[in-house]
Amino acid sequence: MIATRPRTHRRRGLAVVTLLLAAFLTVGIQLTRLGLKGTTAIRSDPVETVTRNVARPDIIDRNGRLLATDIALPSLFADPRRVLDKDEVVEKLAGVLPGIDQRGLLSGLNDKTRRFVWIKRGMTPAEAAKVHDLGLPGLSFRDELRRVYPAGEDAGHVLGFVDVDNRGAGGIERYIDAQNLFDLTDGAGRSDRPPLALSLDLAVQHSLHAELEQAIGDYHAAAAAGLVLDVQTGEVLADVSLPDYAAGNAAASLESNRLDRIEGGTFELGSVFKTITLAMAEDAGVLKPDKTYDTSLPLQVGAFSIDDFHPTRRQLTAEEVFLHSSNIGAAMMAEDVGETRMHAFFDRLGLTTPLTTELGRAALPQLPQRWGKLSTMTMSYGHGIAVAPLQFAAAAAGLVLGGRVQPTFLKPASSAKAGGALVAATTGDFLRLLMRHNVTNPEGTGKRAAVPGYDVGGKTGTADIPGKGGYGHQGVLSSFLAVWPIRQPRYLSYIMIWAPQATEADKGQTAAGLTAAPVTARVISRISPLLGLAPVFGDGL
Amino acid sequence: MRKLINISAFVALVASAFALYAITYDTGRLTGEVADLNARIAAREAELAVLTAEKANLTRPARIDRLVRAHLTTLRPTAPKQLGTIADLPWRGDAAAAKDAPPLVLQP
């Protein structure tokens with residue numbers, strides 16, 4: 001059999017060589033491919049990922065100061081099956097970690113079905129070292145990202161807080177989650193996203209916070225709130241509502257008294273609304289140069305009587321109606337304008353529709369169920385309509401600027417000009433002059449808001465706080481709306497004080513002209529230099 | 001002739017095998033080094049984050065304000081009247097004007 005024909009021999013040999021060549025070629029090609037492709041390391045995670053970390057971008061203020069950041073902190077967990085003596089573990093842990101939930105931990109460790117029980121999340125390195133030194137088997141550490149707020153005590157309402165998994169649950173933190181600006185990571189690696197720049201100026205924010213705290217102390221007030229707006233861009237430079245909570249303190253944010261009064265609540269703001277009424281009357285053309293308003297008697301509307309807070313009992317011009325804050329005069333103007341045009345004007349100002357910012361939707365404006373004659377007249381001096389202060393401030397900013405202003409808590413890449421004409425430019429000029437006169441005129445209610453060096457214009461508001469049994473038992477809400485420099489409006493502040501008590505010096509008066517106006521003056525004189533606004537002296541307007 | 005080719009091919013094979021082994025070994029060592037460096041960078045970055053947060057916490061206006069009130073009791077926030085421009089200053093050469101000008105006094 002072996003001694004076959006040489007032809008067959010050769011053919012077989014060729015077949016074997018071809019086969020071998022093909023095999024070597026295959027191996028060679030695969031080797032070349034793997035060599036070129038590079039990474040061929042097979043990944044295998046020895047431990048299944050328990051939870052994924054949420055890496056959040058830093059939050060900075062408009063000048064780059066750090067407001068919130070992630071740091072990696074050890075978290076302690078246990079594998080119940082590997083824990084030998086449960087009671088000993090709980091007892092020893094309680095010794096180095098005071099405040100731990102002992103009963104909950106014991107029941108967790110006794111649960112045979114679990115292989116993973118959190119003991120404490122986000123502990124300090126010193127605490128971790130103490131636990132490590134106990135040398136208890138079955139306990140392990142895992143680095144987790146925790147959110148910290150280095151300057152959080154001044155801006156709690158704006159910054160908000162995160163939950164135990166580092167997910168945003170309030171304030172701008174919730175906005176970060178809603179916009180998917182975070183990353184899920186396996187390790188405790190920090191986010192490499194660019195930081196989120198807020199419109200807030202931390203120095204201004206703190207100044208406002210400190211002055212409002214001072215005001216609460218001075219007037220033994222129940223609460224205070226304030227905001228500073230860049231009129232040109234709608235950026236919120238400062239937003240304080242006291243009592244507040246430090247950023248990250250989710251538990252305190254639930255207390256009803258710590259609600260965000262700037263965006264989270266609506267209030268009847270009182271006479272500051274006359275800025276809107278006067279602008280509306282001017283824009284509608286119902287203010288004639290020599291027209292006067294008779295305030296000698298309270299105005300009767302059906303069974304309802306409208307009277308002035310500081311009655312003058314004489315004929316007032318339109319400007320005097322503003323300066324003396326006459327409810328009667330404002331109501332007459334609203335009547336002249338009429339219900340339909342007033343409703344349309346409020347619509348244009350955005351006072352009747354929900355306001356939404358990065359912090360979420362502001363509390364919905366509370367409007368009269370029917371825009372009748374009476375509600376038109378009461379709304380002219382800020383009663384019968386309740387809006388969130390931020391929404392009112394945005395509307396007022398729109399009036400002095402002549403264009404719609406959308407408030408934002410983020411620093412825009414470019415200083416976008418407010419869009420959409422709102423009122424004629426002359427109406428804005430008219431309103432600014434009125435507001436300025438209210439501060440410069442010795443009879444104006446806003447004279448205590450004057451700041452030497454800055455031409456401030458403004459309007460007071462003193463509203464009875466509604467409560468059980470009607471108005472007048474809960475004290476007043478004193479507020480002051482200010483715009484400066486009035487010649488070329490840059491900034492707007494709105495400061496509110498709830499239930500101020502009269503001081504000796506003010507002879508029992510709690511009107512806004514004696515409370516919110518001087519606080520506004522202190523705020524403006526403190527923050528204007530911080531904002532880089534040069535004072536101008538001896539150039540009265 | 002054929003023998004020579006065979007021997008030289010064999011030598012080349014062995015040599016390339018050794019070279020390949022050396023490269024693989026080096027790569028493994030370098031990969032380990034890279035991983036080690038990356039871990040150290042991550043650790044430094046984590047420390048940096050803690051220190052940055054610490055710095056921001058120590059320089060926050062609320063703390064500076066409290067410290068100033070406690071220890072530098074004569075300091076006040078800058079008042080508008082303390083601000084001025086170079087143009088507000090009298091010329092140094094103009095002695096008469098400088099004499100008439102009220103002295104610059106820091107407001108208490």
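Modeller: In this predicted model, helix 2 (residues 86-96) of chain A packs against helix 3 (residues 102-110) of chain A at an angle of about 150°, their axes being 10 Å apart. Helix 2 of chain A is therefore roughly antiparallel to helix 3 of chain A, because angles over 145 degrees are counted that way. The crossing of helix 2 of chain A past helix 3 of chain A is right-handed. From helix 2 of chain A, the contact draws on A:Lys86, A:Asp87, A:Val89, A:Val90, A:Leu93 and A:Ala94, and from helix 3 of chain A it draws on A:Gln102, A:Leu105, A:Leu106, A:Leu109 and A:Asn110. Sorted by class, the residues in this contact of helix 2 with helix 3 of chain A comprise 7 nonpolar, 2 polar and 2 charged.

A glycine in helix 3 of chain A, A:Gly108, deserves a separate remark. A:Gly108 counts as buried because its relative accessibility is 5%, and the limit for that class is under 20%. Leaving aside residues up to four places away in sequence, A:Gly108 touches A:Pro80, A:Arg114 and A:Val117. The C-alpha atom of A:Gly108 is separated by 9.4 Å from that of A:Ala78, which is 30 residues away along the chain.

The axes of helix 7 and helix 16 of chain A come within 10 Å and cross at roughly 160°. Helix 7 of chain A is thus roughly antiparallel to helix 16 of chain A. Helix 7 of chain A passes helix 16 of chain A in a right-handed crossing. Among the residues of helix 7 of chain A that take part in the contact are A:Val204, A:Leu208, A:Glu211, A:Leu212, A:Ala215 and A:Asp218, and those of helix 16 of chain A include A:Val519, A:Arg522, A:Val523, A:Arg526 and A:Ile527. In total, the contact of helix 7 with helix 16 of chain A has 12 nonpolar, 3 polar and 4 charged residues.

A:Arg522 and A:Asp218 form a salt bridge in which the closest N and O atoms are 3.8 Å apart. With A:Arg522 in helix 16 (residues 516-530) and A:Asp218 in helix 7 (residues 202-219) of chain A, the pair ties together parts that are 304 residues apart in sequence. A:Arg522 is partly exposed, with a relative accessible area of 32%, and A:Asp218 counts as partly exposed at 33%. The pair also belongs to a network of salt bridges that links A:Glu211, A:Asp218, A:Arg522, A:Arg526, B:Asp65 and B:Arg69.

The whole structure contains 33 salt bridges over all chains. One of them lies within chain B, where B:Arg29 and B:Glu33 meet at 3.4 Å, N to O. Both residues are in helix 1 (residues 2-58) of chain B, 4 residues apart, which is about one turn of the helix. B:Arg29 counts as partly exposed at 43% relative accessibility, and B:Glu33 counts as partly exposed at 42%. Chain B itself has 3 helices and 0 strands, and 7% of its 108 residues count as buried.

A further salt bridge in chain A joins A:Arg314 to A:Glu320, with 3.5 Å between the closest N and O atoms. A:Arg314 is partly exposed at 34%, and A:Glu320 is partly exposed at 22%. Another arginine, A:Arg313, is found in the loop between strand 14 (304-306) and strand 15 (315-317) of chain A. A:Arg313 has a phi near 55°, a positive value in a residue other than glycine, and A:Arg313 counts as partly exposed at 37% relative accessibility.

A:His220, in the loop between helix 7 and strand 10 (223-230) of chain A, has a positive phi of about 45° although it is not a glycine. A:His220 counts as exposed, with 58% relative accessibility. The peptide bond from A:Leu242 to A:Pro243 is cis, with omega near -5°, and A:Pro243 lies in the loop between strand 11 (236-242) and helix 8 (250-253) of chain A. A cis peptide bond also runs from A:Trp484 to A:Pro485, with omega near -20°. A:Pro485 lies in the loop between strand 19 (476-484) and strand 20 (491-498) of chain A.

Methods: Residues numbered from 1 in each chain as written. Chains lettered and ligands numbered in written order. Predicted model: local features only at pLDDT ≥ 70, side-chain atom pairs only at ≥ 80, totals over all residues. Heavy atoms only, no water. Salt bridge = Lys/Arg side-chain N within 4 Å of Asp/Glu carboxyl O. Helix = DSSP H or I, 4+ residues; strand = E, 2+ residues; numbered from the N terminus. Buried < 20%, exposed > 50% of the residue type's maximum accessible area, 1.4 Å probe, protein only. Axes fitted to C-alpha atoms, helices over the stretch in contact; angles between N-to-C directions. Parallel < 35°, antiparallel > 145°, perpendicular 65-115°, else oblique. Left-handed = near helix turned anticlockwise from the far one by under 90°. Contact = heavy atoms within 4.5 Å. Nonpolar A, V, L, I, M, F, W, Y, C, P; charged D, E, K, R; others polar.
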